[in-house]
Amino acid sequence: VYEYKLSNYQLNASYYNHRKSITSIAINDHEPIFVATSEDKKLSVVNFENQTLIKLIEEHKDCVCNCNFTKDGKRFVSTSQDNFIHIWCSKTFELLMTIVGHTGTVFCANFTQDNSRLLTSSFDRSVKLWDIERQDLTNLTDSHSARVLGCRFSRDGRWLVTASRDKTAYLWSVAENKLQLLHKLIGHRANVLAAAVAPNGQIVATTSRDSTLKFWNAFSAECSFTIAAHSGMTNDCDFSPQGEILVTVGTDKLIKLWDTKNGQLIRTLYGHRKEVNCCRFTHDGRRIATTSEDKTIKLWDAQSGRKLATLCAHTLGVRMCAFSPDSNKLISASDDMTVIEWNANNAQKLNVLRKHTTQVRACAYSADGKFIYSAATDGNVVVWDNKTKKVECIFPCLSRITSLASSPIGNHFSVGDGAGTVYLLVPFFSI
């Protein structure tokens, strides 16, 4: 970066803070500071009065394309080929907000005169106007050292638990759309495939490739007891709404119900012809839904264990399912790249949602039932309007998405990806 005197156009200073080409420069009109962006994925913040580098920011995952300050100079924005838009504090240089919504390189961003809105343009051929004063934000946390395989909110929305290929589960607190790591649950000998928080928030259950089910004290992070749950991998688990029963499923094709007080097996359910991937209680606890590689979803009576229905429409294995807030509908995500919505009372197929171009690994309803979320290995989370079944927006993530969970409070949701990143996302619609 070269600095010139306008009086005589003589070179005043040179700044060599980047290893690749400089893509843009923005000057703060209220402070002797400029920000430069580069193809090396970094932003440099420089005080041109004393010609010193203040900070080198490394947050974007690809070439940083553009930067601009607000008119009052208190914040600045950066855009990138990673599709993300970051907004920064001009004093502390802390990341204030991440906006996700473009599906291609974001080339340019400019604030409106009153600093309340942001205009962005992208390679995806769209121009978007964002209301940044709402302060809906995306919180990215580079947490696990390997792929995140599962994530679940507690029923009150205060906690999030994530399961990873790094053999650990993490327990997070969720407040003001931000994640704070509370505990690392370490003890499994292989990949932790799923985790769930009991309704009272005192117990965390984890399932693993090592065939075991573990119960943990949520406050001390100590393992209460370990159960050899399935003869193969224990794929998933879910607490009943009262927290007295935990259901698990595994590669042994079985569904098992456990007493959470003493870890005793209550009942085993038989019916699937291949490994079972997912299990979910209805919100009233009366029924259980399970999904399988046999391409079906089965509904069970939670008290008697009786099979109520088999839902058949997918052409490949079914990865996940979720009940609507009133438990009258069910959605399922499949390797056949579709999400299917069902009538959970009569087992009739209602709608087929097609947008993803690869396997759909996860799905969920928003807490108010107005949206459906689906996530796929193509790295995209699709937000659907539940009434019209039209796509509202798409969140591109940094890697293939392996898990998704909807908060029971508000419309935010969490996803985990193959890079070990945990995202806390809020649907942030352009105006």
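A polar contact is a pair of N or O atoms within 3.5 Å; within protein, one must be able to donate a hydrogen and the other to accept it, and residues adjacent in sequence count only if both atoms are side-chain atoms. The side chains of Thr358 and Thr377 make such a contact, at 2.9 Å. This is a predicted model, in which local features need pLDDT of at least 70, side-chain atom pairs count only at pLDDT 80 or more, and totals for chains, interfaces and linings use all residues. Residues are numbered from 1 along each chain as its sequence is written, and side-chain values use heavy atoms, with hydrogens and water left out.

- Thr358 sits in the loop between β34 (349–354) and β35 (360–365). Strands (E, at least two residues) and helices (H or I, at least four) are DSSP runs, numbered from the N terminus.
- The relative accessible area of Thr358 is 22%, so this residue is partly exposed. Buried means under 20%, exposed over 50%, and partly exposed in between (1.4 Å probe, protein chains only).
- A polar atom of the Thr358 side chain also lies 2.8 Å from the backbone nitrogen of Asp378.
- Beyond its neighbours within four places in sequence, Thr358 is in contact with Met337, Ala376, Thr377 and Asp378. Contact means heavy atoms within 4.5 Å.
- From Thr358 to Leu299 there are 59 residues in sequence and 26 Å in space, C-alpha to C-alpha.

**Positive phi in loops**

- Most residues other than glycine have a negative phi.
- Met337 has a phi near 75°, a positive value in a residue other than glycine. Met337 lies in the loop between β32 (329–334) and β33 (338–343). Its relative accessibility is 34%, so Met337 counts as partly exposed.
- Lys167 has a positive phi, near 75°, and is a residue other than glycine. Its place is the loop between β16 (159–164) and β17 (168–175). Lys167 counts as partly exposed because its relative accessibility is 39%.

**Thr168 in β17**

- Thr168 belongs to strand β17. It is buried, because its relative accessible area is 9%.
- Its side chain makes a polar contact with the side chain of His144, at 3.3 Å.
- Leaving out residues up to four places away in sequence, Thr168 touches His144, Thr162, Ala163, Leu185, Ile186 and Val192.

**Salt bridges**

- The count is 6 salt bridges. A salt bridge is a side-chain nitrogen of Lys or Arg within 4 Å of a carboxyl oxygen of Asp or Glu.
- Asp238 is in strand β23 (residues 234–239) and Arg152 in strand β15 (residues 148–153), so the pair ties together parts 86 residues apart in sequence.
- Asp238 is buried at 5% relative accessible area. Arg152 is buried at 14%.
- Asp335 pairs with Arg361 in a salt bridge, with the closest N and O atoms 3.8 Å apart. This pair links distant parts of the chain, 26 residues apart: Asp335 in the loop between β32 and β33, and Arg361 in strand β35. Both residues, Asp335 and Arg361, are buried.
- Arg319 is linked with Asp335 and Arg361 in a network of salt bridges.
- Lys389 and Glu341 form a salt bridge, with the closest N and O atoms 3.2 Å apart. Here too distant parts of the chain are linked, 48 residues apart: Lys389 in the loop between β37 (380–385) and β38 (391–396), and Glu341 in strand β33. Lys389 and Glu341 are buried.

**Cysteines**

- The structure holds 0 disulfides. A disulfide is a pair of cysteine sulfur atoms within 2.5 Å.
- The closest cysteine sulfur to that of Cys363 is in Cys321, 6.9 Å away, so the two are too far apart for a bond.
- Cys363 counts as buried, at 0% relative accessibility. Cys151 counts as buried at 5%.

**Nonpolar surface patch**

- Ile22, Ile25 and Ile27 form a nonpolar patch on the surface, with about 260 Å² of accessible area together. Patches are made of residues with over 30% relative accessible area and no salt bridge: like charges are joined within 9 Å, nonpolar side chains (Val, Leu, Ile, Met, Phe, Trp, Tyr) within 5 Å. Accessible areas come from the Shrake-Rupley method with a 1.4 Å probe; for residues, only the protein chains shown count as cover.
- Ile27 is in strand β3 (residues 22–27). It counts as exposed because its relative accessibility is 54%.
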